[in-house]
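Biologist: I would like to learn how to read a model like this one. Please take me through it feature by feature.

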Amino acid sequence: MKRLGSVQRKMPCVFVTEVKQEPSAKREHQPFKVLATETISHKALDADIYSAIPTEKVDGTCCYVTTYKDQPYLWARLDRKPNKQAEKRFKNFLHSKGNPKEFFWNVEEDFKPAPECWIPAKEIEQINGNPVPDENGHIPGWVPVEKNNKQYCWHSSVVNYEFGIALVLKHHPDDSGLLEISAVPLSDLLEQTLELIGTNINGNPYGLGNKKHPLHLLIPHGAFQIRNRPSLKHNHLLSWFEGCKEGKIEGIVWHCGDGCLIKVHRHHLGLCWPIPDTYMSSRPVIINMNLNKCHSAFDIKCLFNHFSKIDNQKFARLKDIIFDV
């Protein structure tokens, strides 16, 4: 199996979905819901979903580590979107025809310009060297996170390019019941995708940090494998999310043997998200920075400096981490 965790495009649901004309609990002002039926999708079956590895779906913003300026860099997700005229044409087409795959895009003329350093996401279809927009009319892609770019200030808070490190949350290598926050070489994360979570991301569902002292972390996709796995039946999944401590998560992502990723979100099952006391935020965590050599070189206000001051400390819950500054 390929290394877990490369999220380069939209993931399909494990079940066949249907649209119900009811207000969405997931997106404000959306007049419909997308709900799972009890039928497992052909995509999931073709990918051998029953042999796949289930992992926690983490609620943050997607990032990617690849080379930029001859060194490993963190990249932020930036989808190219159509201009107003093309978007109107696309929506009218969907209203009359319904199949986005039949719509003709002129990529050079229909899309807003992208930053010069923008790159398209891997694995997306290309025709004549041009990336093909997805079913929403977007072209998924990435832009490098520069140190002083205010738009991506929370992204840049978790990396230090001078020392080539990133702040990563994952399982402790010797204790699966314990989480660990550590400074990981960016070179170890090359070609991986990760989720950025924290105080100023997606409403902070994990309760990390606060407005005065924001806290953000990177989580490699596929990092949290689900041990107490539910069976692939609609009612079993529903019961697992509602009644199991490990089920207090946003959703499940199955990593299939062919590299395909299949998901289910709580909203697919008609359940709420976010929820109080998530499984992740209630788990114990230890700080393991091991940054003695460069501690004195950090900016006094940066996250790496704050974590260095509480190195080797253990907290009963992830959301209990508070910086004494």
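Modeller: Begin with the domains. This is a predicted model. The protein chain is split into domain 1, covering 1-56 + 226-273, and domain 2, covering 80-142.

Biologist: How many Å separate the centres of domain 1 and domain 2?

Modeller: Taken over C-alpha atoms, the centres of the two domains are 26 Å apart. For contacts, count residues on each side. Here 5 residues of domain 1 are in contact with 8 residues of domain 2.

Biologist: What area is buried between domain 1 and domain 2?

Modeller: About 540 Å² is buried between domain 1 and domain 2. Carbon and sulfur atoms give 44% of that area. On the domain 1 side, Gln8, Arg9 and Lys10 lose the most area to domain 2. Together these three make up 86% of what that side buries.

Biologist: Which classes of residue does domain 1 have on the side that touches domain 2?

Modeller: That side of domain 1 has 1 nonpolar, 2 polar and 2 charged residues.

Biologist: How many salt bridges are counted between domain 1 and domain 2?

Modeller: The count is 0 salt bridges between domain 1 and domain 2.

Biologist: Let us turn to the backbone. What is the general idea for phi and for peptide bonds?

Modeller: Most residues other than glycine have a negative phi, and most peptide bonds are trans. Now look for departures. Asp48 has a positive phi, near 60°, and is not a glycine. Asp70 is also a residue other than glycine, and its phi is positive at about 65°.

Biologist: Where is Asp48 found, and is Asp48 exposed or partly exposed?

Modeller: Asp48 is in the loop between helix 1 (42-46) and strand 3 (53-57). Its relative accessibility is 42%, so Asp48 counts as partly exposed.

Biologist: Where does Asp70 lie, and is Asp70 buried or exposed?

Modeller: Asp70 lies in the loop between strand 4 (61-68) and strand 5 (71-77). Asp70 is exposed because its relative accessible area is 78%. The cut-off for exposed is over 50%.

Methods:
Residues are numbered from 1 along each chain as its sequence is written. This is a predicted model: local features need pLDDT of at least 70, side-chain atom pairs count only at pLDDT 80 or more; totals for chains, interfaces and linings use all residues. Side-chain values use heavy atoms; hydrogens and water are left out. Helices (H or I, at least four residues) and strands (E, at least two) are DSSP runs, numbered from the N terminus. Buried means under 20% relative accessible area, exposed over 50%, partly exposed in between (1.4 Å probe, protein chains only). Domain bounds come from an automatic or database domain assignment. Contact means heavy atoms within 4.5 Å. Buried area is the accessible area (1.4 Å probe) that two parts lose on being put together, summed over both. A salt bridge is a side-chain nitrogen of Lys or Arg within 4 Å of a carboxyl oxygen of Asp or Glu. Ala, Val, Leu, Ile, Met, Phe, Trp, Tyr, Cys and Pro count as nonpolar, Asp, Glu, Lys and Arg as charged, and the others, Gly among them, as polar.
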